[in-house]
Amino acid sequence: MNFPLIASLSSILFAQLIKYPIAYLTNRKSAKLNLITSTGGMPSSHSAAVSSLTTALILEYGFNSPYVAISTVFAVIIMFDSMGVRRQSGEQGIVLDILARKHLAEIDYISDDISYDEVEDNPLILSYDIDDYERMIINRYLGHKPSEVIVGTLTGGFVAIFLRLVLL
(Lines give C-alpha, C1' and ligand atoms only; values in the text may rest on other atoms or scores of the structure.)
Protein backbone atom coordinates (compact mmCIF):
# COMPACT_ATOMS: atom_id res chain seq x y z
CA MET A 1 0.00 0.00 0.00
CA ASN A 2 1.32 3.44 -0.93
CA PHE A 3 0.24 5.37 2.16
CA PRO A 4 1.71 8.78 1.12
CA LEU A 5 -0.17 8.65 -2.20
CA ILE A 6 -3.44 7.61 -0.57
CA ALA A 7 -3.09 10.31 2.08
CA SER A 8 -2.34 13.03 -0.49
CA LEU A 9 -5.20 12.13 -2.81
CA SER A 10 -7.59 11.78 0.13
CA SER A 11 -6.57 15.23 1.34
CA ILE A 12 -7.30 16.78 -2.05
CA LEU A 13 -10.71 15.14 -2.14
CA PHE A 14 -11.53 16.10 1.46
CA ALA A 15 -10.38 19.71 1.00
CA GLN A 16 -12.44 20.09 -2.18
CA LEU A 17 -15.54 18.55 -0.57
CA ILE A 18 -15.50 20.82 2.49
CA LYS A 19 -15.17 24.03 0.43
CA TYR A 20 -18.92 24.29 -0.12
CA PRO A 21 -19.99 23.74 3.52
CA ILE A 22 -17.36 26.22 4.71
CA ALA A 23 -18.51 28.84 2.19
CA TYR A 24 -22.16 28.20 3.08
CA LEU A 25 -21.54 28.44 6.85
CA THR A 26 -19.59 31.66 6.47
CA ASN A 27 -22.58 33.13 4.58
CA ARG A 28 -20.63 33.77 1.40
CA LYS A 29 -22.76 34.63 -1.60
CA SER A 30 -20.39 32.53 -3.70
CA ALA A 31 -21.49 29.34 -1.94
CA LYS A 32 -22.40 27.28 -4.98
CA LEU A 33 -21.87 23.57 -5.49
CA ASN A 34 -19.44 24.17 -8.37
CA LEU A 35 -17.06 25.50 -5.71
CA ILE A 36 -16.22 21.84 -5.04
CA THR A 37 -14.56 21.50 -8.44
CA SER A 38 -13.03 24.96 -8.68
CA THR A 39 -9.59 26.28 -7.81
CA GLY A 40 -9.11 28.66 -4.93
CA GLY A 41 -11.22 28.96 -1.82
CA MET A 42 -11.03 27.68 1.76
CA PRO A 43 -9.14 25.43 2.34
CA SER A 44 -6.37 25.16 -0.22
CA SER A 45 -6.42 21.65 -1.65
CA HIS A 46 -2.91 22.23 -3.03
CA SER A 47 -1.62 22.89 0.47
CA ALA A 48 -3.63 19.99 1.86
CA ALA A 49 -2.11 17.61 -0.69
CA VAL A 50 1.52 18.56 -0.14
CA SER A 51 1.26 18.82 3.64
CA SER A 52 -0.47 15.45 3.72
CA LEU A 53 2.29 14.00 1.56
CA THR A 54 4.97 15.40 3.85
CA THR A 55 3.15 14.22 6.99
CA ALA A 56 2.62 10.74 5.54
CA LEU A 57 6.32 10.52 4.62
CA ILE A 58 7.29 11.58 8.14
CA LEU A 59 5.01 8.90 9.59
CA GLU A 60 6.28 6.29 7.12
CA TYR A 61 10.05 6.98 7.01
CA GLY A 62 10.85 9.32 9.89
CA PHE A 63 11.68 13.00 9.93
CA ASN A 64 15.32 12.54 8.83
CA SER A 65 14.37 10.80 5.58
CA PRO A 66 15.52 12.37 2.30
CA TYR A 67 11.95 11.81 1.06
CA VAL A 68 10.74 14.23 3.73
CA ALA A 69 13.34 16.79 2.68
CA ILE A 70 12.26 16.56 -0.96
CA SER A 71 8.58 16.72 -0.04
CA THR A 72 9.10 19.69 2.28
CA VAL A 73 10.84 21.74 -0.41
CA PHE A 74 8.13 20.74 -2.88
CA ALA A 75 5.43 21.74 -0.36
CA VAL A 76 6.98 25.16 0.29
CA ILE A 77 7.19 25.88 -3.45
CA ILE A 78 3.57 24.80 -4.03
CA MET A 79 2.24 26.85 -1.10
CA PHE A 80 4.25 29.92 -2.02
CA ASP A 81 3.11 29.65 -5.63
CA SER A 82 -0.55 29.30 -4.67
CA MET A 83 -0.37 32.48 -2.58
CA GLY A 84 1.92 34.46 -4.88
CA VAL A 85 1.92 33.87 -8.60
CA ARG A 86 -1.48 32.19 -8.86
CA ARG A 87 -3.12 34.73 -6.57
CA GLN A 88 -1.76 37.64 -8.59
CA SER A 89 -2.82 36.06 -11.87
CA GLY A 90 -6.31 35.61 -10.42
CA GLU A 91 -6.45 39.27 -9.42
CA GLN A 92 -5.25 40.26 -12.89
CA GLY A 93 -7.96 38.01 -14.35
CA ILE A 94 -10.58 40.02 -12.46
CA VAL A 95 -9.21 43.27 -13.89
CA LEU A 96 -9.14 41.77 -17.41
CA ASP A 97 -12.72 40.59 -16.99
CA ILE A 98 -13.85 44.09 -16.02
CA LEU A 99 -12.00 45.61 -18.99
CA ALA A 100 -13.35 43.01 -21.42
CA ARG A 101 -16.94 43.54 -20.27
CA LYS A 102 -16.53 47.31 -20.57
CA HIS A 103 -15.05 46.89 -24.04
CA LEU A 104 -17.88 44.60 -25.16
CA ALA A 105 -20.46 47.04 -23.81
CA GLU A 106 -18.81 49.89 -25.73
CA ILE A 107 -18.69 47.83 -28.93
CA ASP A 108 -22.38 47.04 -28.58
CA TYR A 109 -23.09 50.72 -28.05
CA ILE A 110 -21.07 51.98 -31.03
CA SER A 111 -21.32 49.01 -33.40
CA ASP A 112 -23.74 50.87 -35.65
CA ASP A 113 -21.24 53.72 -36.01
CA ILE A 114 -18.18 51.59 -36.90
CA SER A 115 -17.01 51.82 -40.47
CA TYR A 116 -15.82 48.91 -42.58
CA ASP A 117 -12.27 50.37 -42.60
CA GLU A 118 -12.13 50.36 -38.78
CA VAL A 119 -13.18 46.71 -38.66
CA GLU A 120 -10.64 45.78 -41.31
CA ASP A 121 -7.86 47.60 -39.40
CA ASN A 122 -8.84 45.91 -36.13
CA PRO A 123 -10.75 42.64 -36.73
CA LEU A 124 -11.17 42.08 -32.98
CA ILE A 125 -13.59 45.00 -32.77
CA LEU A 126 -16.62 42.93 -33.78
CA SER A 127 -15.29 39.40 -33.47
CA TYR A 128 -16.80 38.67 -30.04
CA ASP A 129 -20.07 39.37 -28.38
CA ILE A 130 -20.99 38.96 -24.73
CA ASP A 131 -22.34 35.41 -25.24
CA ASP A 132 -19.04 34.32 -26.80
CA TYR A 133 -17.19 35.95 -23.95
CA GLU A 134 -19.29 34.21 -21.27
CA ARG A 135 -18.48 30.81 -22.83
CA MET A 136 -14.74 31.58 -22.98
CA ILE A 137 -14.32 33.04 -19.49
CA ILE A 138 -12.06 31.14 -17.14
CA ASN A 139 -12.67 31.06 -13.41
CA ARG A 140 -11.72 34.46 -12.12
CA TYR A 141 -10.21 33.22 -8.88
CA LEU A 142 -7.11 31.08 -9.10
CA GLY A 143 -4.97 31.66 -6.03
CA HIS A 144 -5.23 31.51 -2.26
CA LYS A 145 -5.14 33.87 0.67
CA PRO A 146 -2.58 33.00 3.37
CA SER A 147 -5.38 31.85 5.71
CA GLU A 148 -6.61 29.38 3.07
CA VAL A 149 -3.09 27.96 2.71
CA ILE A 150 -2.69 27.62 6.49
CA VAL A 151 -6.03 25.84 6.88
CA GLY A 152 -5.19 23.63 3.88
CA THR A 153 -1.85 22.75 5.47
CA LEU A 154 -3.52 21.81 8.75
CA THR A 155 -6.24 19.87 6.90
CA GLY A 156 -3.67 17.81 5.00
CA GLY A 157 -1.68 17.03 8.12
CA PHE A 158 -4.78 15.95 10.03
CA VAL A 159 -6.05 13.80 7.14
CA ALA A 160 -2.69 11.98 6.95
CA ILE A 161 -2.64 11.37 10.72
CA PHE A 162 -6.28 10.26 10.72
CA LEU A 163 -5.72 7.85 7.83
CA ARG A 164 -2.62 6.45 9.52
CA LEU A 165 -4.62 5.72 12.67
CA VAL A 166 -7.49 4.16 10.68
CA LEU A 167 -5.32 2.13 8.29
CA LEU A 168 -2.88 0.87 10.91
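This is a predicted model: local features need pLDDT of at least 70, side-chain atom pairs count only at pLDDT 80 or more; totals for chains, interfaces and linings use all residues.
View 1. Residues are numbered from 1 along each chain as its sequence is written, and side-chain values use heavy atoms, with hydrogens and water left out.

**View 2. The overall fold.** The protein chain has eight helices and zero strands, counting DSSP runs numbered from the N terminus (helices: H or I, at least four residues; strands: E, at least two). Take contacts, which are heavy atoms within 4.5 Å: among those between residues at least 6 apart in sequence, 75% join residues at least 24 apart.

**View 3. The largest nonpolar core.** Here you see F3, A7, A56, V159, A160 and L163, the six residues of the largest nonpolar core. Such a core is a set of buried Ala, Val, Leu, Ile, Met, Phe, Trp, Tyr and Cys residues joined through side-chain atoms within 4.5 Å. Helix 1 (3-17) and helix 8 (146-167) are the elements that give two or more residues to it, and the largest share, three residues, comes from helix 8. Zoom in on A7 and you'll find it touching S52, A56, V159, A160 and L163, leaving aside residues up to four places away in sequence.

**View 4. Helix 1 and its cover.** With 15 residues, helix 1 reaches 21 Å from its first C-alpha to its last, close to the 21 Å expected at 1.5 Å a residue (1.5 Å times one less than the number of residues). Its buried residues are F3, P4, A7, S8, S11, A15 and Q16. What covers them includes helix 2 (19-25), helix 3 (45-61) and helix 8.

**View 5. K19, buried without a salt bridge.** K19 sits in helix 2. K19 is buried but has no salt bridge, and the nearest side chain of opposite charge, E148, is 7.6 Å away.

View 6. P21 lies in helix 2 and is partly exposed, with a relative accessible area of 36%. P21 and I36 are 15 residues apart in sequence and 9.5 Å apart in space, C-alpha to C-alpha.

How values were computed
Buried means under 20% relative accessible area, exposed over 50%, partly exposed in between (1.4 Å probe, protein chains only). Lys and Arg count as positive and Asp and Glu as negative; His and the chain ends are not counted. A salt bridge is a side-chain nitrogen of Lys or Arg within 4 Å of a carboxyl oxygen of Asp or Glu.
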